[in-house]
Amino acid sequence: MSARLARRRAAFVAVLIAVAVTSLARPAAAKLCGDAVDGHDVPCACGDVLASSVVLDGDPVTSAICQRDGLIVRAQDNRTAIRLDLHGHTLRGSGAGTGLRILDGGPGGASIVSSDGVATLEHFDDGITARGSDGVSLIQDVRVRDSRGDGVRISGRAFVIRRVVVEEAKRDGFSFTGAGFDVSETRASDCGRFGYSVMGNSGIIGRPGGANLAERNGTAGFNVMGSGHTLEACTARDGRKDGMALLATKLDVRDCDATGNAGDGVAGVGSRWQLSGNRADNNGGDGLTARGPGMVDAGGNRGADNRGGGRQRPAVQCEIGNAPCQP
């Protein structure tokens, strides 16, 4: 064999190997999946488009490592909202894509639940994303771990987030914007920026017996902007900077606790707030400060052992509307 022919043959073999490797690495083309796709039960694999309600049970997506998205939710029936029951399974990513990318959940939005213990989404870029009035209506009993971006990012109206945990998101644990949403019994831990980033209006963040916990987060445990929100039974502790950073109008802040944060416990600027039963102790900066017109101290707010953060003045322990908190 001539040297020239040998070189051509070697080059041809190299091309074949490259094509084979590329084909193996490329995810299979997405298909429609769900319990009722044109009358058939079609198992869901990584990257598939969930077009009808489903209970995951032995579906390939529950045992694979997804190279991009876990599942894309896009309802095909404009009369029925999708219900995705993760059934206690884990969806695993490879650091890219979105665990559940909800484009259209059907009328009123999709329900994401887990009927057989808490389900897990881990190692995606974002855990769960949705937007619009028909994005998502409910997320419940889900754990999101190690997202390169956000754990749960939702924009919409009147959605409910319950019994959801986000751990080690590199950006925000929870990111909410919209109106009338309800968030309770959740936790955001060890996130890079905010445990909870809240915008929009009229959100309910916490309830009696349904507390939300932010712990060991980066810039703030709770970062709240907008109008008309209620924060109740919220705890921000051991943050690397502030516990709660509030910039809003018409806030109602009740029975919240900011403890052991490196920066301020509760630092807020806005107007027409009512604060009651809140506590800020042992923070590296100020305790509780709420500044702006129309601030109402409804009693029971207190702060102690805050250190002032090296400022050239004594630490503010508890001050609402430029006046010390009332007993």
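Which cysteine does a disulfide join to Cys 318? I looked up the sulfur pairs, taking a disulfide as two cysteine sulfur atoms within 2.5 Å. Cys 318 is joined to Cys 325, with S to S at 2.0 Å.

**Basis**

I am working on a predicted model, where local features need pLDDT of at least 70, side-chain atom pairs count only at pLDDT 80 or more, and totals for chains, interfaces and linings use all residues. Residues are numbered from 1 along each chain as its sequence is written, and side-chain values use heavy atoms, with hydrogens and water left out.

**Entry 1: the chain as a whole**

I noted one helix and 35 strands in the protein chain. Both are DSSP runs numbered from the N terminus, helices being H or I with at least four residues and strands being E with at least two. The C-alpha trace spans about 90 × 55 × 30 Å along its principal axes.

Next I looked up burial. I call a residue buried under 20% relative accessible area, exposed over 50% and partly exposed in between, with a 1.4 Å probe and protein chains only. Of the 327 residues in the protein chain, 50% are buried. The chain exposes about 14500 Å², and carbon and sulfur atoms supply 51% of that area. Accessible areas here come from the Shrake-Rupley method with a 1.4 Å probe; for residues, only the protein chains shown count as cover.

For contacts I used heavy atoms within 4.5 Å. Among contacts between residues at least 6 apart in sequence, 44% join residues at least 24 apart.

**Entry 2: disulfides**

I count four disulfides by the sulfur rule. With the bonded cysteines numbered in sequence order, the pairing is 1-2, 3-4, 5-6, 7-8. Cys 191 is in no disulfide, and the nearest cysteine sulfur, that of Cys 234, is 16 Å away. Cys 191 counts as buried because its relative accessibility is 0%.

Cys 33 is joined to Cys 44, with S to S at 2.1 Å. The link of Cys 33 and Cys 44 is right-handed, with 95° about the S-S bond. The pair links distant parts of the chain, 11 residues apart: Cys 33 is in strand E1 (residues 32-37), and Cys 44 is in the loop between strand E2 (40-42) and strand E3 (48-50). Both Cys 33 and Cys 44 are buried.

Cys 46 is joined to Cys 66, also with an S to S distance of 2.1 Å. The torsion about the S-S bond of Cys 46 and Cys 66 is about -70°, so I put this disulfide down as left-handed. Cys 46 is in the loop between E2 and E3 and Cys 66 is in strand E5 (residues 65-66), 20 residues apart. Is Cys 46 buried or partly exposed? Cys 46 is partly exposed, because its relative accessible area is 22%. Cys 66 is buried, because its relative accessibility is 0%.

Back at Cys 318 and Cys 325, the link is left-handed, with -80° about the S-S bond. Cys 318 is buried, with a relative accessible area of 12%. Cys 325 counts as buried too, at 16% relative accessibility.

**Entry 3: the cavity**

Rolling a probe the size of a water molecule over the atoms shows where empty space is left. I took a cavity as a set of points, on a 1 Å grid over the protein atoms alone, where a 1.4 Å probe fits but cannot get out; lining residues have an atom within 4 Å of a point. Grid points are joined across faces, edges and corners, and a volume is the space filled by probe spheres set on the points.

How many cavities of 30 Å³ or more does a search of the whole structure find? The search finds one. The largest cavity has a volume of about 40 Å³. Its lining includes Met 244, Val 253, Cys 256, Asp 257, Arg 279 and Leu 288. I sorted the lining with Ala, Val, Leu, Ile, Met, Phe, Trp, Tyr, Cys and Pro as nonpolar, Asp, Glu, Lys and Arg as charged, and the others, Gly among them, as polar. That gives six nonpolar, one polar and two charged residues.

I found Asp 264 in the loop between strand E27 (257-259) and strand E28 (266-271). Asp 264 is buried, because its relative accessible area is 10%. Leaving aside neighbours within four places in sequence, Asp 264 has contacts that include Lys 241, Asp 242, Asp 286 and Arg 311.

Gly 270 lies in strand E28 and is buried, with a relative accessible area of 16%. Not counting residues up to four places away in sequence, Gly 270 touches Ala 248, Arg 291, Gly 292, Pro 293 and Met 295. The C-alpha atoms of Gly 270 and Pro 293 are separated by 7.2 Å, with the two residues 23 apart along the chain.

Technical notes
On a 1 Å grid over the protein atoms alone, a cavity is a set of points where a 1.4 Å probe fits but cannot get out, and a pocket is an open set with protein on both sides within 12 Å along at least five of seven lines; lining residues have an atom within 4 Å of a point.
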